[in-house]
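Take a walk through one part of this fold.

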Amino acid sequence: MPVEDAANPAIETRDLRKRYGSEVALDGISLSIPSGTVYGFLGPNGAGKTTTMRLLTGLAQPSGGGARVCGTPVSDRRAMASLVGYLPETPPLYEEFSAREQLEYVADLRDVPTETAAERIDEHLDRFDLTADADKRIDAYSKGMRQKTAFIQSVLHDPDVLFLDEPTAGLDPRAARRIRESIVDLADAGTTVFLSTHILPVVEAVADAVGVLFDGRLVAEGTPAEVTARAETGDSSSLEDAFLAVTSEREPQAIPGGE
Ligand SMILES: Nc1ncnc2c1ncn2[C@@H]1O[C@H](COP(=O)(O)OP(=O)(O)OP(=O)(O)O)[C@@H](O)[C@H]1O
């Protein structure tokens, strides 16, 4: 069972906003996500999902509002480095390193003790069927092998909150299942997982709650069943039907003139 603590949310945002010049990427979102839960963060292309994750990992500065992760303001980048793990859409990997070297390097950066790092690296390489290729250079890796390596590096330091941007992209069914299992295992162990993906069956399988972002605003939130039911798309409707309903036939919202 997830270790939930609604009074001390792992992720909390208040009217969080981000502009890029005149472009409003995020138009004031407020979230409260209990620790030890999986939050599926959905939205069409360009809705503001990556922007939100960059703000919540301290990689970008908000234009307005605020956010805390485990009670710490996200502006504290030093604290964020140990509190959060982040698998971005295009993960940073050193082509000339092997997967093992890459993972040892990241573990060292995150101050994971050498012996603990070695154990975790071996365990994860095995779990993702990478052991035989672990000493090959990453520039000879397939897309899926890179994605698996990047996922492992995002969890090596045992973060309290894990942000995943399309973690199963490019993975074969076995590897995708391993990622889904890992997400559930991590949440069971108390990690909060913030999962952005367009693969809605993955969200239905693992998420405790979902939020749907459209044009920089949160337009639906609840358990997958609640969001599906509220969209009132029919008796046999799915999360996909609900997603399409809440992200269509909406006029773009007027953008306020200032913060
Ligand atoms: N560095 C940037 N400079 C200017 N505009 C940006 C920048 N990053 C994002 N945007 C804009 O902000 C909006 C939200 O982008 P974002 O990448 O957060 O969307 P997304 O929901 O992650 O999309 P996708 O599903 O395609 O990955 C888009 O209109 C995008 O063009």
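D165 stands opposite S196 in strand 8. This is a predicted model: local features need pLDDT of at least 70, side-chain atom pairs count only at pLDDT 80 or more, and totals for chains, interfaces and linings use all residues. Residues are numbered from 1 along each chain as its sequence is written. Helices (H or I, at least four residues) and strands (E, at least two) are DSSP runs, numbered from the N terminus.

Strand 7 (residues 161–165) and strand 8 (residues 192–196) pair in the parallel sense over 5 bridges; two strands pair if DSSP finds at least two bridges between them. Strand 6 (residues 84–87) also runs parallel to strand 7, joined by 4 bridges. There, Y86 stands opposite F163.

How many residues of strand 7 are buried? The count is 5 of 5. Buried means that 20 or more other C-beta atoms, placed from the backbone, lie within 10 Å of the residue's own. V161, F163 and D165 point one way, L162 and L164 the other. In a regular strand the side chains alternate between the two faces of the sheet.

Now turn to helix 3 (residues 99–109). A99, Q102, L103, V106 and A107 are buried there. They lie on the same side of helix 3 because they cover an arc of only 130 degrees around the axis, taken from the directions from the helix axis to the C-beta atoms. After helix 3 comes D111, with a positive phi near 60 degrees.

Key: Buried ≥ 20, exposed ≤ 12 C-beta atoms within 10 Å, placed from the backbone.
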